Amino acid sequence: VVINQKGIDPNSLDALAREGIVALRRAKRRNMERIVLACGGTAVNSTDDMKPEQLGHAGLFYEHVLGDDKFSFIEECDNPQSVTVLIKGPNKHTLTQIKDAVRDGLRAVKNALEDKTVVAGAGGETYTL
């Protein structure tokens with residue numbers, strides 16, 4: 001898979017496709033940063049001086065259409081340092097509630113790992129009884 005922030009001309013896309021290489025163009029800068037964190041490797045400006053150690057690794061890449069949008073999924077990365085959570089729901093209100101709950105849960109885990117302690121509560125005592 002080749003991921004590019006700029007455009008890729010049609011002739012190059014065809015040549016890559018003939019070799020079985022998927023090329024994504026016009027990726028956003030923030031997405032490129034996340035892909036590097038997830039897959040490893042290094043973002044490069046030119047293929048002229050590219051070395052094998054600059055390449056990242058992912059076991060699975062696929063595209064999936066959800067509604068009117070097409071999403072690219074990169075999975076089975078060796079040592080991911082970044083992930084994306086896809087949240088689906090019937091309306092904006094539900095999505096906002098789910099997003100807040102996921103953020104709160106992740107923040108609680110982050111705080112527990114950083115503080116190396118957990119404060120019992122939220123029915124935890126009742127559950128243990």
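Colleague: Which residue stands opposite Leu60 in β4?

Modeller: In this predicted model, Leu60 faces Glu75 of β4. Helices (H or I, at least four residues) and strands (E, at least two) are DSSP runs, numbered from the N terminus. Residues are numbered from 1 along each chain as its sequence is written.

Colleague: What makes β3 and β4 a pair?

Modeller: Two strands pair if DSSP finds at least two bridges between them. Strand β3 (residues 58-66) and strand β4 (residues 69-77) are joined by eight bridges, so they meet that rule. The two strands run antiparallel. Their hairpin has two residues between the strands, and Gly67 takes a positive phi near 70° there.

Colleague: Why is Cys77 called buried?

Modeller: Buried means under 20% relative accessible area, exposed over 50%, partly exposed in between (1.4 Å probe, protein chains only). Cys77 has 16%, so it counts as buried. Cys39, at 15%, is also buried.

Colleague: Where is confidence lowest, and where is it highest?

Modeller: pLDDT is the predictor's confidence in each residue, from 0 to 100. The lowest mean, 64, is in helix α4 (residues 124-128), and the highest, 93, in helix α3 (residues 92-115). The protein averages 87, and 94% of the residues score at least 70. Local features need pLDDT of at least 70, side-chain atom pairs count only at 80 or more, totals for chains, interfaces and linings use all residues, and side-chain values use heavy atoms, without hydrogens and water.
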